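Here is a short report on a protein fold. Keep the sequence and the 3D view open while reading.

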Amino acid sequence: MHRERIAETSVGELSGEAIAATAGRVDDYELPDGSTLSGATMLVCFLADRKDTRVGKGSQIDAGGGIWTVTGVHLADGGEGWVDLESSGLRDITLVSPADLDFLFEEECDDCYGRSGWDGSTDMRLGSLAVGLQCTECPTKMWVIDGRIQRAFEGGAPEFTPGRRA
Ligand SMILES: [Zn+2]
């Protein structure tokens, strides 16, 4: 289980996606079944596509390819509240074998420090090209943006080669 706390007026990362918690207040919010509750809420903003949504305890958001459930919202004067979220990981992510990954791009897993490699996926994150890496020791996927990746793609996308440097 992954847990994150995003403080009000700051930016956190959920499954590699930048999410800002912008304004807490008592308000109505929606549960996954479409019903509405009233209580402590936080406005969360998806920075990549500038969408925002008001969440409260029990709300779910889809961030970075994972489903995150709000486990609590704390309100405090002066914008010093926070929102707590947890996720059981990315949807449809199962443990992969190193033979299915390309270690042209390789990182330590954010979660277990295991070895993770490129699964062939790419996406745009915060205006930059990101590559998707999966861990070989736990079902975790993360998106990585760094200068090395930008350079690797400059002359055309590298061919995804499962098992490379495995
Ligand atoms: Zn891992």
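Predicted model: local features only at pLDDT ≥ 70, side-chain atom pairs only at ≥ 80, totals over all residues.

Residue numbers start from 1 along each chain, as its sequence is written.

**The sheet**

Strands here are DSSP runs of E with at least two residues, and helices are runs of H or I with at least four; both are numbered from the N terminus. Two strands count as paired if DSSP finds at least two bridges between them. An open sheet is built from 4 strands in the order S2-S3-S4-S5, with antiparallel pairing. Strand S2 (10-14) and strand S5 (51-56) are the edges, and each pairs on one side only. From one strand to the next, the twist averages 45°. That angle is taken between N-to-C directions, on a scale from 0 to 180 degrees, using lines fitted to C-alpha atoms as axes.

S2 and S3 are antiparallel and share 5 bridges. Gly 12 sits opposite Ile 19 in S3. The two strands make a hairpin with 2 residues between them, and Ser 15 in the turn has a positive phi of about 50°.

Strand S3 (residues 17-30) also runs antiparallel to strand S4 (residues 36-46), and 11 bridges join them. Val 26 has Ala 40 in S4 as its bridge partner.

Gly 39 is also in strand S4. Gly 39 has 13 other C-beta atoms within 10 Å, so it is partly exposed. The burial scale counts other C-beta atoms within 10 Å, placed from the backbone: 20 or more means buried, 12 or fewer exposed, and in between partly exposed. Setting aside neighbours within four places in sequence, Gly 39 is in contact with Val 26, Gly 56 and Lys 57. Contact means C-beta atoms, placed from the backbone, within 7 Å. Ser 87 is 48 residues from Gly 39 along the chain, and their C-alpha atoms are separated by 22 Å.

**The cores**

In soluble globular proteins, nonpolar side chains tend to be buried together. A nonpolar core is a set of buried Ala, Val, Leu, Ile, Met, Phe, Trp, Tyr and Cys residues joined through C-beta atoms within 7 Å. The largest one has 14 residues, and Met 42, Val 44, Val 55 and Val 83 touch the most other members. S3, S4, strand S7 (66-74) and strand S8 (82-87) each supply at least two of its residues. Apart from this core lies another, of 8 residues, including Leu 101 and Trp 118.

What does Val 44 touch, not counting residues up to four places away in sequence? Its partners include Ile 19, Asp 52, Val 55, Ile 61 and Val 83.

Most residues other than glycine have a negative phi.

| Residue | Phi | Loop | C-beta atoms within 10 Å |
|---|---|---|---|
| Thr 9 | about 65° | between strand S1 (2-7) and S2 | 14, partly exposed |

Helix H1 (residues 147-154) is hardly covered: among its 8 residues, the count of buried ones is 0. Just after H1, Gly 156 takes a positive phi of about 110°.

How values were computed
Contact = placed C-beta atoms within 7 Å.
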